[in-house]
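This report describes selected side-chain and helix contacts in the structure shown below.

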Amino acid sequence: MSADAASGSNPPVETSTVETSRQVAGGHEGTQRERVPVLIFDAPDAMSRQVARRIANLIEERQAVGQPLVLGLPTGSTPIGVYQQLIRMHEEEGLDFSNVVTFNLDEYYPMAPEGLQSYHRFMEENFFNHVNIPEENIHIPRGDIPREAVEHHCIEYEHAIEKAGGIDLMLLGIGRSGHVGFNEPGSSQDTRTRMIVLDEITRKDAASDFFGEENVPQEAITMGVGTILDADEIILMATGEHKAPIVQRAVEEPPTRDVTASYLQEHGNATFYVDRAAGGELTRVKTPWLVREVDWTKREAKRAVIWLSKTLDKAIPRLESGDFYRNQLHGLVHQYDHIDDLTREVFEDLRRRINYQEDIISDERVIVFSPHPDDDVISMGGMLNTLVENDNDVTVAYMTSGNVAVFDADVRRYLRFVELSSDALDMDDAALEDFHERREKIEAFFDSKDPGEVDLPEVQDLKAHIRAGEAVAATGVMGLDPGDSRFLDMPFYKTGRVRKDPISEADVEVVLELLEEVQPTNIFVAGDLSDPHGTHRMCYQAIDEALQRYRAAAAGGDGETSEATADPGVWLYRGAWQEWETYRADVFLPLSKAGLDQKVEAIYKHESQKDRAMFPGAYDEREFWQRARDRNRDTAETLNQLGLPEFYAAEAFVTTDKMP
């Protein structure tokens, strides 16, 4: 685990202690842009382990002196890793939670405690049911009380916190609008537990959990900003590239009601814990040369030159010494005898990374791992077509069924099709009667179904088949046969809900079996870890673990795996949510207009995701084909701006021999 630390220009009271602990954890020189300490972790798991260890240490310290520990707890995908670590410590290390008192941040209103989207249910399933916190020590705002009783309930919630002695450690997430808890933009820093109207962005972000924005409650009960700031210690956690812009605003810009997380700058013991993706917009990460001396590696020099070229809108070969001096890149200039040496080096490096069809692998065995049934054509449709045209033996492995993203209306449409086609399908009376019975059962379920309710097993199967048929049709556009597609149906996904189970041994075995069967020389993996629902990250984890075992078995000399297939090359693709930064990409594959049109045609085959996808991602309202088109065009335009050849579109890839 690697972590970076930063101290603000106006250090809080305990900054020296915080700085010392960060340095021990692996921190480096801070910057003057960040106004609150920030730790950056290489991976979310490392962040979760450190937060969980901090909580465990506090629990044990309080137990030693016979005192309780009062925690403020959030919900959402980010803290789940912390809860999993704490559960592991309880089960494997005997961590005792009997002295812990908890207060959750918020709850939707109205919301029954047993509701599918209830935070009561979330906390029970993900934490409370697995540790020994006394039931009477657990406090969560109620979303099922009469409206006229809400104000009194909020006052009582505040009194309960005071009676417990105040919150010792508050864990927070951050919304895309910068809210903490449900303290939406406009909340003042002296607010207390109260009812609040949810912001449009917040409701969009919650839409996937409720299977549609129209089903998201318009109100919630939340701890106030003042309640949060009263905590002795605050840890805010953020993961994913989609959180990077708001993290930057919250820690680098002055406190403002527009970003309630920015109020943490005024707390004496608050720290942001972020992964590399969520910290990507911080000045010390994105443009470190603007705030400190930089160790000018080849990679950092390349990044700076590309940044300067884009900032000045000048092609790389046209950059002059004065451009570098005027933009705080003195140190970089002094690394070279002449600035032309630097610009030529970077320009030629980028030029060599442009790979035409003849430069791409041919006559090899390839597995394309696609987390959802459409990630392959959305993110690497051009490459997939090139792999097929280069006579590679291509297997596309769809890791999950994607069935939760299919609307009930699509099932009804296909059932109607079967009924209308009964004569053409030569269905006899018995088969037709059985079909009608099954259809009536499904229709009755749909008519009584609550938003987000888990589908009947047969409905889940039908939705999976819809997406599988679309996937086969899409790869057919690229020249692949139906037999070239594998539907792994990984166990972690089979909950019937948006939230999935953790990756298990069974998931790893599914991937490992495919690797052993195909023995690929190259694999393509979704490196687009900003998927807001976490499926890409979980699939990545399963592939990583399976690949490590596959390589270890080959190294053990089983006699069945050749040297070429024992250590397959790894290509990481993006596109559904983000694209690779220019300086990070190892391969740019140019696409002609015809090539991009073919890619879009393949994406169109995913009809259930067309026009109105179930989970489009709240921060990008474009359809997936539009995202793919625009990102590929943008990549080509960026290369052109840098002075490289002009292409209609381009896909970008990172290549490696190991999963990074």
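The axes of helix 15 (residues 408-420) and helix 16 (residues 429-448) approach to within 11 Å and cross at roughly 160 degrees. Here axes are lines fitted to C-alpha atoms, for helices over the stretch in contact, with angles running from 0 to 180 degrees between N-to-C directions. Helices (H or I, at least four residues) and strands (E, at least two) are DSSP runs numbered from the N terminus. Helix 15 is therefore roughly antiparallel to helix 16, a label given to angles over 145 degrees. The crossing of helix 15 with helix 16 is left-handed, a term for a near helix turned anticlockwise from the far one by less than a right angle.

On the helix 15 side, the residues that meet helix 16 are Asp408, Val411, Arg412, Leu415, Arg416, Val418 and Glu419. Their counterparts in helix 16 are Phe435, His436, Arg439, Ile442, Glu443, Phe446 and Asp447. Contact means heavy atoms within 4.5 Å. By class, this contact comprises six nonpolar, one polar and seven charged residues. In this scheme Ala, Val, Leu, Ile, Met, Phe, Trp, Tyr, Cys and Pro count as nonpolar, Asp, Glu, Lys and Arg as charged, and the others, Gly among them, as polar.

The model is predicted: local features need pLDDT of at least 70 and side-chain atom pairs count only at pLDDT 80 or more, while totals for chains, interfaces and linings use all residues. Residues are numbered from 1 along each chain as its sequence is written, and side-chain values use heavy atoms, with hydrogens and water left out.

A salt bridge is taken as a side-chain nitrogen of Lys or Arg within 4 Å of a carboxyl oxygen of Asp or Glu. The count under this rule is 51 salt bridges.

| Salt bridge | N to O distance |
|---|---|
| Arg276 and Asp42 | 2.8 Å |
| Arg88 and Glu92 | 3.5 Å |
| Asp144 and Arg142 | 2.6 Å |

Salt bridges with shared partners also join Arg412, Glu419, Arg439, Glu443 and Asp447 into one network.

Arg276 is partly exposed at 33% relative accessibility, and Asp42 is partly exposed at 46%. In these terms buried means under 20% relative accessible area, exposed over 50%, and partly exposed in between (1.4 Å probe, protein chains only).

Arg88 and Glu92 both lie in helix 3 (residues 80-93), four residues apart, or about one turn of the helix. Arg88 is partly exposed at 27% relative accessible area, whereas Glu92 is exposed at 60%.

Ala112 sits in the loop between strand 5 (106-109) and helix 4 (119-126) and is partly exposed, at 31% relative accessible area. The C-alpha atoms of Ala112 and Leu642, 530 residues apart along the chain, are separated by 56 Å.

Thr287, in the loop between helix 9 and helix 10 (298-312), is buried at 7% relative accessibility. Apart from neighbours within four places in sequence, Thr287 is in contact with Leu282 and Trp307.

Terms used. Parallel < 35°, antiparallel > 145°, perpendicular 65-115°, else oblique.
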